Amino acid sequence: MHASVLAPSLLAGDHANLGTSAQLAADAGAPWLHLDLMDGHFVPNLTFGPEVLAALRRAGVKTFFDTHLMLAEPQRYVESFAKAGADLISIHIEPAYDHAATLARIRELGCQNGIVLNPGTPAESVRALLPHVDLVLVMTVQPGFGGQPFRRDMLGKIAQLAAWRQELDLKFRLEVDGGVDLTNGVECRAAGADTFVAGTSFFKASDKTAFAAAVANW
Ligand code: DX5
Ligand code: ZN
């Protein structure tokens with residue numbers, strides 16, 4: 001089982017001061033930073049692009065960049081995100097494009113890769129890709145917006161993916177994203193998750209160092 005990793009979502013940070021928010025998360029002890037990229041097509045919202053990642057790197061942010069592409073055509077952008085400083089790039093299974101080729105391309109670009117499932121997408125849809133990924137991200141809200149309630153009905157999907165990981169003797173990380181906090185995160189951990197995106201719960205926490213320490217101890 002992988003050690004627990006906290007990935008605060010910059011979506012819940014201060015968008016007028018993204019560098020400050022990113023550094024705040026790093027200083028609190030969060031090993032990863034989760035970056036949510038939205039295109040207004042795959043999800044009904046817009047965030048930012050690769051230039052923001054590059055600017056964060058130039059500003060001295062050294063955290064592992066966990067880049068979540070909520071894009072209808074992610075294959076067109078993986079190279080830009082890799083060049084901008086992404087460490088891991090995850091892409092959704094739902095849109096129609098060559099998933100296997102895009103996952104392979106992400107590794108060629110020197111990044112780890114991840115495949116993401118929306119709440120309505122069954123675990124079976126990614127089963128064939130499992131030997132070829134570094135991370136599987138189970139959405140615990142419908143993507144597009146921060147601050148939504150955690151979907152407890154996703155715990156079974158997490159457990160299913162964790163069971164396949166063991167059965168197939170694979171090492172991919174299992175990440176959860178959406179409405180995760182210090183209470184339901186423990187349930188995700190028990191189901192087999194090891195990587196925890198936290199937007200609202202992390203940035204609203206008065207003691208962010210204690211938050212990061214709690215996740216590290218799961
Ligand atoms: C939702 C994003 C999430 C979001 C999580 O589309 O993928 O990463 O920022 O935010 P919270 O933790 O507030 O649900
Ligand atoms: Zn996300």
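Select ligand 1 and the 20 residues around it; Asp36, Gly144, Asp177, Gly179 and Thr200 come nearest. A residue belongs to these surroundings if one of its heavy atoms lies within 4 Å of the ligand. The model is predicted: local features need pLDDT of at least 70, side-chain atom pairs count only at pLDDT 80 or more, and totals for chains, interfaces and linings use all residues. Residues are numbered from 1 along each chain as its sequence is written, chains are lettered from A and ligands numbered from 1 in the order in which they are written, and side-chain values use heavy atoms, with hydrogens and water left out.

Next, show the polar contacts of the ligand (a polar contact here is a pair of N or O atoms within 3.5 Å). At aspartate 36, a side-chain N or O atom is 2.8 Å from an oxygen atom of ligand 1. Glycine 144 uses a backbone N or O atom, also 2.8 Å from a ligand oxygen. At glycine 199, a backbone N or O atom lies 2.8 Å from an oxygen atom of ligand 1. Ligand 1 taken alone exposes 380 Å², and the protein buries 99% of that (areas by the Shrake-Rupley method with a 1.4 Å probe).

Now colour the shell by element. Helices (H or I, at least four residues) and strands (E, at least two) are DSSP runs, numbered from the N terminus. β2 (32-38), β3 (64-70) and β8 (195-198) each give two or more residues to the shell around ligand 1. β2 gives the most, with 3 residues.

Move to cysteine 111, in the loop between α4 (99-108) and β5 (112-117). Is cysteine 111 buried or exposed? It counts as buried because its relative accessibility is 7% (buried means under 20% relative accessible area, exposed over 50%, partly exposed in between, with a 1.4 Å probe and protein chains only).

Then select threonine 102, in helix α4. Threonine 102 has 6% relative accessibility, so it counts as buried. Threonine 102 and lysine 157 are 55 residues apart in sequence and 24 Å apart in space, C-alpha to C-alpha.

Finish at aspartate 169, in the loop between α5 (155-167) and β7 (173-177). Aspartate 169 is not a glycine, yet has a positive phi of about 55°. Most residues other than glycine have a negative phi. Aspartate 169 counts as exposed because its relative accessibility is 58%.

How values were computed
A polar contact is a pair of N or O atoms within 3.5 Å; within protein, one must be able to donate a hydrogen and the other to accept it, and residues adjacent in sequence count only if both atoms are side-chain atoms.
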